[in-house]
Amino acid sequence: VFPSLAQAQASVANEVYQELGQPSVFLFCPTEYCSSLCSPSPSQSCYLQTIGQELLPEIGVIWTGPKVVSQELSAVLLEEVEAVLRRRPVIWDNLYANDYDCRRVFLGPYMGRAPGLMSRLHGLLLNPNCELQANFIPIHTLGTWFRSELGSCAPPDSAGVEEVAALGDSQGAQDGSYSPQEALELALRDWVTEINQQALESGR
């Protein structure tokens with residue numbers, strides 16, 4: 001029925017999206033969802049070009065970066081992906097994921113993401129460690145990174161300017177003020193407080 005896999009997927013996704021009443025959040029994960037899966041590159045992938053052309057513009061497209069688990073995300077790569085998909089991608093960040101290797105637990109800070117990245121994104125999802133308690137530092141430092149990014153992507157006439165100003169100096173965010181080491185130290189202090197509080201509540 002369809003001349004290509006991409007056209008089949010886009011057609012089905014479009015129909016489901018419309019059948020559901022065009023929800024405000026509707027995400028599509030392409031078969032080529034990172035650079036290493038694209039042939040020969042994201043910008044030259046016939047598959048992604050078709051997805052960008054055929055998929056309704058309101059549908060978000062998931063992207064994990066250069067690899068399935070990406071150590072770094074750059075603005076240059078996201079510009080390339082945005083151009084071929086004709087929309088800003090939703091990053092599915094596997095930095096902390098360990099469902100593929102139960103011996104791996106990542107307790108480090110959120111890092112390797114270029115300053116000002118949020119202006120290139122339609123959204124960001126964090127795929128955490130499978131172990132619940134191991135995600136305090138990942139989520140805490142992601143929050144610190146997010147606050148540092150707010151000032152660099154909020155338009156001057158945004159209704160949320162007051163909230164942005166309350167969370168931190170926007171000029172500092174533009175200067176790349178996020179420090180993974182400082183974010184880690186802040187998270188560790190809060191985690192120790194949380195652990196001590198849980199110990200008190202349990203009577204230990």
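Leu 20 is exposed, with a relative accessible area of 55%, and I start there because, with a cut-off of over 50% for the exposed class, that value places Leu 20 in it. Leu 20 sits in the loop that runs between helix 1 (5-19) and strand 1 (27-28), and together with Val 12 and Val 16 it makes a nonpolar surface patch of about 260 Å². Please keep in mind throughout that what we have on the screen is a predicted model.

Let me now step back to the whole chain. The protein chain contains 7 helices and 4 strands, and, if you read along the sequence, these elements follow the pattern α-β-α-β-α-β-β-α-α-α-α. Of its 204 residues, 38% are buried, and the chain exposes about 11,500 Å², of which carbon and sulfur atoms supply 56%. If we take the contacts between residues at least 6 apart in sequence, 71% of them join residues at least 24 apart.

A word about confidence before the details. The average pLDDT of the protein chain is 88, and 87% of the residues score at least 70. The stretch to treat with caution is residues 156-174, where pLDDT stays under 50 and for which the model has 15 contacts beyond four places in sequence.

Turning to charged side chains, a search of the whole structure finds 4 salt bridges, and I would like to take you through some of them. In one, the side chains of Glu 79 and Arg 120 meet at 2.9 Å, N to O. That pair links distant parts of the chain, since Glu 79 belongs to helix 3 (residues 75-85) while Arg 120 lies in the loop between strand 3 and strand 4, 41 residues apart. Glu 79 counts as partly exposed at 37% relative accessibility, and Arg 120 counts as partly exposed as well, at 27%. Arg 120 also forms a salt bridge with Glu 82, at 3.9 Å, N to O, and here again distant parts of the chain are linked, with Glu 82 in helix 3 and Arg 120 in the loop between strand 3 and strand 4, 38 residues apart. Glu 82, at 25% relative accessibility, is partly exposed. Taken together, then, Glu 79, Glu 82 and Arg 120 are linked in a network of salt bridges.

Another salt bridge joins Asp 101 and Arg 103, whose closest N and O atoms are 3.3 Å apart.

Let me move to the aromatic rings, of which the structure holds 4 pairs. Tyr 96 and Phe 106 form a stacked pair, 4.7 Å centre to centre, with 25 degrees between the planes. Both of these residues lie in the loop between strand 3 (90-93) and strand 4 (123-126), 10 residues apart, and Tyr 96 is buried, with a relative accessible area of 0%. A second stacked example is the pair of Phe 136 and Trp 191, which lie 5.8 Å centre to centre with 5 degrees between the planes. This pair links distant parts of the chain, Phe 136 being in helix 4 (residues 136-153) and Trp 191 in helix 7 (residues 180-202), 55 residues apart. Phe 136 counts as partly exposed at 23% relative accessibility, while Trp 191, at 18%, counts as buried because the cut-off for that class is under 20%.

Two single residues remain. Asn 98 is placed in the loop between strand 3 and strand 4 and is buried, with a relative accessible area of 2%. Which residues does Asn 98 touch, not counting those up to four places away in sequence? Asn 98 touches Arg 104, Val 105, Pro 128, Asn 129, Cys 130 and Glu 131. Ser 41, for its part, lies in the loop between strand 1 and helix 2 (46-54), and at 17% relative accessibility it counts as buried. Ser 41 and Val 81 are 40 residues apart in sequence, and their C-alpha atoms are 9.8 Å apart in space.

Technical notes: Residues numbered from 1 in each chain as written. Predicted model: local features only at pLDDT ≥ 70, side-chain atom pairs only at ≥ 80, totals over all residues. Heavy atoms only, no water. Patch = residues over 30% accessible without salt bridge, like charges linked within 9 Å, V, L, I, M, F, W, Y side chains within 5 Å. Areas by Shrake-Rupley, 256 points an atom, 1.4 Å probe, with all protein chains shown as cover. Helix = DSSP H or I, 4+ residues; strand = E, 2+ residues; numbered from the N terminus. Buried < 20%, exposed > 50% of the residue type's maximum accessible area, 1.4 Å probe, protein only. Phe/Tyr/Trp six-rings, centres within 6.5 Å; stacked < 30°, edge-to-face > 60°. Contact = heavy atoms within 4.5 Å. pLDDT = per-residue confidence, 0-100.
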